[in-house]
Amino acid sequence: MELKDLFAPDDRPGEAEASVSAARLCPQCGFAAPPDLVIRFCGRCGAALEGEELAIEQKHVLLVDDSALSRRKMAAILKRLDCRVVEAEDGSQALELARAEPPDVIVMDVMMPVMSALEALKILRTDARFATTPVIMLTSKADATTVSQALEHHASDYLLKDSPPEEIKRRLQKYLPSP
């Protein structure tokens, strides 16, 4: 599977969006999806496009990474797993979003500006609401010190960003049980 295959045709980088008048609008973010494209989720925010019952079944995943490209790749994989994805660019923003609407799973890049994932993880684990929330750490390279620190602060798993999409999908599915 290639990276371009992860994106819905309307969400592929560099492709033009359909005209708003001929599009279906996402109820959450207003993104315009072409009416002839058969998709169930918004290509931008991951919200369900087909009724309330689908949104209830979706797992809420908080995706945290300062790289827009990395977020797009991971969000595309999560959306294929029927997840509603909310994105943050740093640990501080992640804490704010998690507190506002506790996610079922958190996927965080280790190295970020403002607040690193390790700092955010320490804070999350002191809050009873997030004591058992799966937190999966993402990184470009797995050095023993960082992995050790993440596990010490009760990270649930550790993923390399350049892992094949099928491996990422397989590992994430462990933390996304069926409703």
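V114 is exposed, with a relative accessible area of 71%; by exposed I mean over 50%, buried is under 20%, and partly exposed is in between, using a 1.4 Å probe and protein chains only. V114 isn't a glycine, yet its phi is positive, about 65°. You'll find V114 in the loop between β5 and α4. Helices here are DSSP runs of H or I, at least four residues, strands are runs of E, at least two, and both are numbered from the N terminus.

Quick caveat: this is a predicted model, so local features need pLDDT of at least 70 and side-chain atom pairs count only at pLDDT 80 or more, while totals for chains, interfaces and linings use all residues. Residues are numbered from 1 along each chain as its sequence is written, and side-chain values use heavy atoms, with hydrogens and water left out.

D82 is another non-glycine with a positive phi, about 60°. D82 sits in the loop between α2 (68-80) and β4, and it's partly exposed at 31% relative accessible area.

Now, which residues of helix α4 are buried? In α4, residues 117-126, they're A117, L118, A120, L121, L124 and R125. Looking down the axis of α4, those buried residues fall within an arc of 155°, so they line one face of the helix; the arc is taken from the directions from the helix axis to the C-beta atoms. Their cover includes α3 (91-100), β5 (105-109), β6 (135-139) and α5 (144-152).

M137 touches A117, L118 and L121, among others, where contact means heavy atoms within 4.5 Å.

Technical notes. Lists of a residue's contacts leave out its neighbours within four places in sequence.
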